[in-house]
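Please have a look at it first.

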Amino acid sequence: MEVLYDRYSSLLYSVALRVLGDTGAAEDVLQEVFMQLWRNPGLFDSSRGNLAPWLAVIARNRAIDSLRKRYPETDIDDVIVSVEPDMAGDAERSRAMEKVREALGTMPLPQRSALEMAYFEGLTHTEIAAKTGEPLGTIKTRIRAGLLALRKAVVA
Amino acid sequence: MSVHEQFAEDLALHALGSLQGNELVALETHLQSCADCRRELELLRGDMALLAMSTTGSAPPRHARPRLLDAVAREPRQIAASVPSRRGRWGFAPWFATAAAAVIIVLLLRQNSELQGSIAALNTLFTDQKLQLQRAEDMVETLTAAESQQVTLVAAKNTPQPQGKTFYLRNKGSLIFLASNMPDLPLQKAYELWLIPTSGAPIPAGVFKPNARGSATVIDPPLPAGVEAKAFAITIEPEAGSTTPTMPIVMLGSGE
């Protein structure tokens, strides 16, 4: 657990902090995710993806649940995360993150904004449409296009 | 890979956890039968992970590490609900594999124990049913066997209505008694059936009380096998029964 913590705690904490904006709450999410993994290491199926992306998605989902003051809605068992190319090593991960940040930087602002509201604020497409005054279909399209743009940037 | 276009945007929303209501139900139903869309959902979650990982940079507070390790030390690992089944593409720490193997062993042991329990329960049930079947076969034989001795008992004092009939299989000591129109009993009293052998004292053959319609049965009372019955009789006895008949005999019948 110490090895895991030293390697991934910064990632989990950063994700949770970005969503929650509160250090104490982010630390609680960090603790909760690691404890779930400790109690049940079989939750993570290594044949279906790498640990880092999986942990990142679990931490984000738990943070959103915490933000919305709701009981955890996603069964960890159900979460399968596939990232291509493989990001097992620190170097690959670092390169991929550079590409992601670059893609975010060049993304049209409305698209990036819709994506970040959905992802980091946990807003539904309906809530985003109401908040921005944009049509619902436009928001859906922007969210999907934003995610695909990240994938394309990493593969390139 | 070909994702169904009508679900393309909903897949992204589902990955984010924001799809609800009928749209969610429709997509979940579709996912059960569409491997391509399931794969796309995994990839979209991967895209989400990229977004999450782009936030790296903040270190947790120093006390978070000892807090976690302390919690880990205080809490033993429990049984896993699911187990990794295939070799990973990444070389994860060996303790993970060890833990998974331990979990598999515990699960198999538990499953084995449960199966043993189920087998024992089924054996008990089988034995019970076998005994019940044997008992039923014995009763049918007592009723239908050619050598079954049938005796009709009538009221001793010219009262035709009360009637009792015994079916007695001497070699097995098996007896079935059916009565009808039996008069009501005094308080704290019961009828007792007696087997009157060709020699020796009457043998108690069951205590009974008729129901509201005057009917009663005695099935397979404890009797010694091989006793030849000269007659059957009924007396009124205390509710617990007697070892010798109390006079008078209220019903009596001899072999037909």
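In E8(B), B:Ile249 is the residue that stands opposite B:Thr235. This is a predicted model: local features need pLDDT of at least 70, side-chain atom pairs count only at pLDDT 80 or more, and totals for chains, interfaces and linings use all residues. Residues are numbered from 1 along each chain as its sequence is written, while chains are lettered from A and ligands numbered from 1 in the order in which they are written.

**Strand pairing in chain B**
- Strands (E, at least two residues) are DSSP runs, numbered from the N terminus, and two of them pair if DSSP finds at least two bridges between them.
- E7(B) and strand E8 (residues 249-254) of chain B run antiparallel, joined by five bridges.
- E7(B) also pairs with strand E4 (residues 189-197) of chain B, in the antiparallel sense over nine bridges.
- Within E7(B), B:Thr235 stands opposite B:Glu192.

**A loop residue**
- B:Val227 sits in the loop between strand E6 (216-219) and strand E7 (229-238) of chain B.
- B:Val227 is partly exposed because 18 other C-beta atoms lie within 10 Å (buried means 20 or more, exposed 12 or fewer, partly exposed in between, with C-beta atoms placed from the backbone).
- B:Asn171 is 56 residues from B:Val227 in sequence, yet their C-alpha atoms are 7.6 Å apart.

**Nonpolar cores**
- A nonpolar core is a set of buried Ala, Val, Leu, Ile, Met, Phe, Trp, Tyr and Cys residues joined through C-beta atoms within 7 Å.
- The largest has 63 residues, and A:Leu12, A:Ala59 and B:Met48 are among those touching the most other members.
- Another core, of 25 residues, lies apart from it and includes B:Tyr191 and B:Phe208.

Conventions: Helices (H or I, at least four residues) and strands (E, at least two) are DSSP runs, numbered from the N terminus.
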